[in-house]
Amino acid sequence: MYLLVLLILPFILYTATRLARLIRTALVNPYLLAIPGPFLARFTRLWYFSHVRKGHFEWDNINLHARYGPVVRLAPNHYSISDRAAVKTIYGPGSQFAKSAWYDGWSHPDPNKTSLFADRNIKRHAEAKKRYSSLYSMTSLIHYEDFVDRCADIFTQRVAEFARQGESFNLGHWFQCYAFDVIGDITFGQRFGFLDQGQDMEGAINAVEKVMNFSTLVGIYPEWRSILYHTLGRFNLSGPSGRSLIIRYVEDKIQKFNSRVKSSPETGQGALQTQAFLEKMVLARDKDPNKVGDRHLLMMGVSNLTAGSDTTSVSLSSIMYELLRNPTVLRRLRQEISEFTEQGRCSTRVTFKESQEMPYLQAVMKEAIRMHSATGLPLWRVVPAGGAEISGHFFPEGTVLGINTWVAHYDERVFPDAKAFRPERWIEAESNPETLKVMNEMYMPFGLGSRTCIGKHISILEMSKLIPRIVRDFDFELENEAWTTRNTWFVKSTEFVVKAELRKSS
Ligand code: HEM
């Protein structure tokens, strides 16, 4: 009998706490109870957890809004929003909506090992971001172009080999090799060598994947993060061990670079001319250690690896996938590339400047990323002191709200016929500034406001240079009519298998 009581006691306590919370909400904020959503989501985070775990939350989220309207409860105190006016309030410049505790799932329990992306403290984040901004700015891009060309050369060689052998290959995997190698090169002045070997040599791809799976789910129960981190960290296949591997990898690179500079300052100076992030930051650290410390070097390296590689490969895959499924668009893009080449405005290694002058290429990339945004869960934020009025509801301080990029990008009021891949919609909107303004306000593949993607320009550089080059040089054929994806915060294709042929004109 006692045993039975002991067994059911946790359940009784849990239910009692939930009921108490509901009664408190009913008394203090009765209007929140009226917000619709799945029944179970009213009582427990388990509903959200189990749906995220299934790996298709981007579509679940869109469908929930179609069913329940602009505000939907996804878990107790967590609401998903679909409303253009709310985008500015939650994420706009100067917003005081801090990142929610979900982002704790993405940081190491030791605050000295956290990343820029996961930092929830508005002041500390702004202060840290200042140290990095110039490295990611448009003006810095020119220094990274050589790194990108180097990787794009090897990428096209690999595709040419597959074409000559008539072999099918997973284009998504090769984009991943490309994106990782570019980030390795830009960050440390040395690529991982994935493109050379075609495989995950130092386990970095696998480590990032494990971090994603772990962090996405554990972030829903952040109170368990520390204990899970330390317990699971002992096992090789776990998310925490993946994060430890990335941290060790970055620490090792920093240490090697430090000793290289110490033992031979000239070597350091020589390396500095390559203008990789690490070299630039070491230079800044040595100039003023109070301004840039080793902690910042680590933070930058970890952020670049975890936030900057898969996101770009996912986006490259999306662009190619849509092009292959839409031959008319592909033809029009090739025509633009041909015309530019004839006019001497498109080099063999397409330069960033040239790519930015191709309007149709830009529209294709923008539209593909609208349809397949890299991130597929709400970007959770906490309502600041004083509460906020959003979509006709008052949310008190501490409520967690989020807009999912996919929900924003499939809003038919802003993107009519949203499921159609129509780069032309961006070109047509050029002649209607009001429409374009509304579209841009809802376009958030890189996030928005103070937490917007710091690597946006770098990823645009990587994509803008590679896409026209491979579209011009190869014909691709999809092995399967439609691909499958899995959403573990990044919505990645599982199999994107193609065959390639060298184009005659190339
Ligand atoms: C197409 C490629 C990319 C996409 C779609 C993308 C998307 C995003 C998004 C949506 C956010 C905001 C997340 C949030 O609010 O929770 C973000 C933040 C971030 N991204 Fe990217 N990203 C891309 C490429 C990159 C690259 C290449 C780098 C690094 C070289 C990078 C580094 C970061 C960092 C450090 C943050 C955190 C910024 C902060 O909190 O201040 N990203 N990215």
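**Close-up views of a predicted chain**

**Figure 1. The whole chain, as a starting point.** The chain holds 23 helices and twelve strands (DSSP runs, H or I of at least four residues for helices and E of at least two for strands, numbered from the N terminus). Its radius of gyration is 24 Å, close to the 23 Å that the globule rule gives for 506 residues, so the chain is as compact as a globular protein of that length. Here the radius is taken over C-alpha atoms, and the globule rule is 2.2 Å times the number of residues to the power 0.38. Please keep in mind that this is a predicted model, in which local features need pLDDT of at least 70 and side-chain atom pairs count only at pLDDT 80 or more, while totals for chains, interfaces and linings use all residues. Residues are numbered from 1 along each chain as its sequence is written, and side-chain values use heavy atoms, with hydrogens and water left out. Along its principal axes, the C-alpha trace spans about 75 × 60 × 45 Å. Of the 506 residues, 56% count as buried (buried is under 20% relative accessible area, exposed is over 50%, and partly exposed is in between, with a 1.4 Å probe and protein chains only).

**Figure 2. Cys453, a position listed in UniProt.** The unreviewed UniProt entry lists Cys453 under "binding site"; such annotations may be inferred rather than shown by experiment, and their positions are given in the numbering used here, with feature names shortened. Look for Cys453 in the loop between helix H22 (433-442) and helix H23 (456-473). With a relative accessible area of 32%, Cys453 is partly exposed.

Figure 3. Most residues other than glycine have a negative phi. Ser391 sits in the loop between strand S6 (388-390) and strand S7 (393-395), and is partly exposed at a relative accessible area of 24%. Trp489 is found in the loop between strand S10 (485-488) and strand S11 (490-493), and counts as buried at 3% relative accessibility.

**Figure 4. Leu379 and the residues around it.** Leu379 belongs to the loop between helix H19 (359-371) and strand S5 (381-382). Its relative accessible area is 7%, and Leu379 is buried. Leaving aside residues up to four places away in sequence, Leu379 touches several residues, among them Tyr91, Tyr103, Met444 and Trp489 (contact means heavy atoms within 4.5 Å). The C-alpha atoms of Leu379 and Lys99 are separated by 7.9 Å, although the two residues are 280 apart along the chain.

**Figure 5. Gln176 in helix H8.** Helix H8 covers residues 171-188 and includes Gln176, which is buried with a relative accessible area of 9%. Gln176 touches Ile205, Asp310, Ser313 and Lys492, not counting residues up to four places away in sequence. Gln176 and Ser309 are 133 residues apart in sequence and 7.0 Å apart in space, C-alpha to C-alpha.

**Figure 6. Phe11 in helix H1.** Phe11 lies in helix H1, which runs over residues 2-28. Phe11 is exposed, with a relative accessible area of 59%. Between the C-alpha atoms of Phe11 and Leu502 there are 63 Å, and the two residues are 491 apart along the chain.
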